[in-house]
Amino acid sequence: MSVLAAETAAIRASEIPIVGPYPTDRPNGALRVVFLIPYGHAYSLMCNGPMSLYDLVNRTAGIPAYAERALQYDNLVRDGNRLTTPDGEPYRTIESAAPVHQADIVGVSVTNSGDLHSVLRLLDLAGIPRRSADRVPGIHPLVVGGNAGLANPEVLADYLDVVAMGEAEVSFAELLRTLHVNPRTPENDALVQISRIPGLYVPALYEYDFAPGGGVLAVRPKAPTVPATVDTQFLELRDLHDAHFTYPITDGTAAGLIPVLGCKHSCHFCTLGVPPFREVPIEILTAYLDRVEELGVERIIISAPTFTQYRRREELLNRIRAYSDRAAEHGVKVTTIIGSVRADEMTSDYLRDINDLGNFGHLFTELNLTQARGIITIAPEFASPELLDIYYKTMRPERVNKTIEQCRNTVINTVMLYFIVGAPGERPEDRLAIADRAKEIRELLDRPDAAVIVKLHGFMPKPGTPGQRLRMTDPEALDRYGDEIAARLRDLVGQNDFDQHYRVQFGEKSRLYLEAICLRGDRRIGHVLEDLYDNGMDPTDLPRDVLVNTLAAHGLDFARHLRHMDDPVLPWHVFNDVDPTTEQTLIKALNNRPGWQ
């Protein structure tokens with residue numbers, strides 16, 4: 001047995017489809033879909049974008065296809081930034097020995113724009129030509145991309161055949177039906193038919209006039225039958241598959257659920273408020289938990305950063321606690337992991353309920369904890385009340401303070417605080433006030449073992465939000481800002497207390513460099529990523545001068561991607577639906593705040 005065959009066999013043996021086995025019958029001429037997931041096995045099961053579509057395709061009788069998965073297997077050979085298979089054997093899926101490149105459709109999911117280069121690595125690994133123009137319809141698979149990392153899909157416009165914008169249960173199923181009826185051939189590529197499916201963007205069917213240094217002057221469909229705009233799809237609950245809300249497969253160690261979609265608030269820089277807010281029926285979640293308990297899964301993950309907005313959260317937590325109590329009678333410890341929550345929405349009842357869980361933690365992937373601890377994650381974003389108002393952020397300091405006071409006499413002893421630095425409108429004293437807030441919050445927690453972690457993020461405006469045109473923080477400035485805040489905090493509390501009870505985290509400049517150009521760039525940026533990849537780029541250690549020189553070789557300017565974008569046409573013009581009045585109101589409010597550079 002080959003190395004990959006042994007690893008995929010072990011994965012199959014460890015997996016349990018939570019709602020029961022998948023049907024094995026396949027419709028006549030069924031299309032083979034392979035989802036490429038750029039993670040190891042355990043983390044791949046938490047990737048609900050591809051996993052929900054995988055489950056949808058395999059469980060829906062009316063979809064003429066079957067789905068498989070190919071991962072970043074443990075036994076792949078790492079050579080710099082590239083991956084190859086051991087002994088040169090074909091890259092395969094968990095479910096089949098057939099090579100990935102023989103699939104009809106390949107799906108790639110990118111969760112963060114700074115990871116778009118991973119698509120090149122996966123296509124190389126699979127033996128699929130990177131660029132759409134080099135792939136032959138009917139011989140090479142159709143490559144479909146999706147997820148939040150493609151909020152600006154223009155970066156990979158020359159590499160992806162189709163991009164699913166928003167929630168893809170309806171659009172992807174329709175794509176499969178279209179291809180089943182109209183198979184791709186060199187003479188009939190079916191791309192025009194696909195482009196007319198709501199929510200699907202076909203980059204090759206649009207032409208752009210580029211601006212010097214970066215950006216676009218104009219964009220047009222190449223034919224009158226191609227839509228001028230693409231509407232990002234956000235679906236009614238009835239149109240979403242149950243696996244959109246629950247992890248469909250477990251390896252026996254963890255199971256997860258997503259009780260809410262979207263957010264009730266619409267902060268001007270946050271993508272959470274872009275989709276409409278929807279609450280998942282409690283019956284779906286409790287039935288899932290019944291099955292989880294039946295299987296004896298000991299870690300439950302609530303993957304929802306706005307979980308406190310779920311009206312039936314008390315009922316859900318009580319159901320988890322009942323399972324935990326029953327398991328404890330048999331000497332089994334059930335742990336609950338909860339995503340970051342809004343401090344202004346936490347109540348004493350919520351804190352009581354999570355305290356009663358006993359073994360719980362927040363944001364476990366961020367901290368890489370080996371066990372749950374008393375950690376709560378809060379994102380005040382700004383220490384300045386004026387910036388909170390300008391950016392339409394509702395988490396007032398007094399609300400955060402009230403929440404911290406409520407945490408007293410609970411198991412919570414650590415608070416992680418997320419702050420944004422370098423945003424337009426920010427003054428130096430606003431940044432330094434972050435240190436004062438950290439000190440104040442530890443004092444409010446009022447316990448000797450209290451700890452505060454301050455995590456700093458540069459301002460990275462996202463496409464699709466009212467702040468999408470604003471100036472971006474230069475990653476070079478983040479180190480300076482972080483050092484200033486840490487020094488201020490050290491002066492306030494003293495070296496000894498600082499070392500014992502505080503941590504200020506910042507950095508990841510290489511990722512921020514990539515994120516900056518990928519959030520703002522046109523389709524020339526994909527060629528820059530390809531050059532960097534071919535030259536052995538280490539995405540964790542990308543020197544600024546290397547990036548700047550590579551951009552220049554393509555006629556692009558790094559600084560242009562950081563600037564305030566007052567261009568009439570944005571690279572993501574085809575699916576830009578942000579209200580221009582809201583954009584202008586935000587810009588006016590910032591311009592009216594004196595004292596910032």
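1. Basis. This is a predicted model, in which local features need pLDDT of at least 70 and side-chain atom pairs count only at pLDDT 80 or more, while totals for chains, interfaces and linings use all residues. Residues are numbered from 1 along each chain as its sequence is written, and side-chain values use heavy atoms, with hydrogens and water left out.

2. Six-stranded sheet. Six strands form an open sheet in the order S3-S2-S6-S7-S8-S9, with mixed pairing. Helices (H or I, at least four residues) and strands (E, at least two) are DSSP runs, numbered from the N terminus; two strands pair if DSSP finds at least two bridges between them. Strand S3 (65-70) and strand S9 (200-201) are at the edges with a single partner strand each, so one side of each is left without a neighbour in the sheet. Strand S2 (residues 31-36) runs parallel to S3 and is joined to S3 by six bridges; Leu 31 has Ala 65 of S3 as its bridge partner.

3. Helix on that sheet. Helix H3 (residues 48-59) lies across S2, S3 and strand S6 (105-109), at about 145° to S3. Axes are lines fitted to C-alpha atoms, for helices over the stretch in contact, and angles run from 0 to 180 degrees between N-to-C directions. Contact means heavy atoms within 4.5 Å.

4. Second largest pocket. This pocket holds about 500 Å³ of space. On a 1 Å grid over the protein atoms alone, a pocket is an open set of points where a 1.4 Å probe fits, with protein on both sides within 12 Å along at least five of seven lines; lining residues have an atom within 4 Å of a point. The volume is the space filled by probe spheres set on the points, which are joined across faces, edges and corners. Of the 25 lining residues, Tyr 22, Pro 23, Tyr 54, Asn 58 and Ala 67 lie nearest the centre. Strand S1 (16-17), H3 and S3 supply at least two lining residues each, and S3 gives the largest share, five residues. The lining has 14 nonpolar, three polar and eight charged residues. Here Ala, Val, Leu, Ile, Met, Phe, Trp, Tyr, Cys and Pro count as nonpolar, Asp, Glu, Lys and Arg as charged, and the others, Gly among them, as polar.

5. Four-stranded sheet. A second open sheet has the order S19-S20-S21-S22, with four strands and parallel pairing. Strand S19 (375-381) and strand S22 (502-505) are the edge strands, each pairing on one side only. Neighbouring strands are turned by 20° against each other on average, direction ignored. S19 and strand S20 (residues 414-421) pair over five bridges in the parallel sense, and Ile 376 has Val 415 of S20 as its bridge partner. Helix H13 (residues 428-445) packs on this sheet and touches S20, strand S21 (451-458) and S22, its direction making about 165° with that of S20.

6. Helix pair. The axes of helix H14 (residues 475-493) and helix H16 (residues 509-520) come within 9 Å and cross at roughly 140°. H14 is therefore oblique to H16 (under 35 degrees counts as roughly parallel, over 145 as roughly antiparallel, 65 to 115 as roughly perpendicular and the rest as oblique). Pro 475, Glu 476, Leu 478 and Asp 479 of H14 meet Lys 509, Leu 512 and Tyr 513 of H16 in the contact. These residues divide into four nonpolar, no polar and three charged.

7. Backbone points to check. Most residues other than glycine have a negative phi. Tyr 392 has a positive phi near 65° and is in the loop between helix H11 (385-390) and helix H12 (397-406). Asp 446, in the loop between H13 and S21, has a positive phi near 55°.
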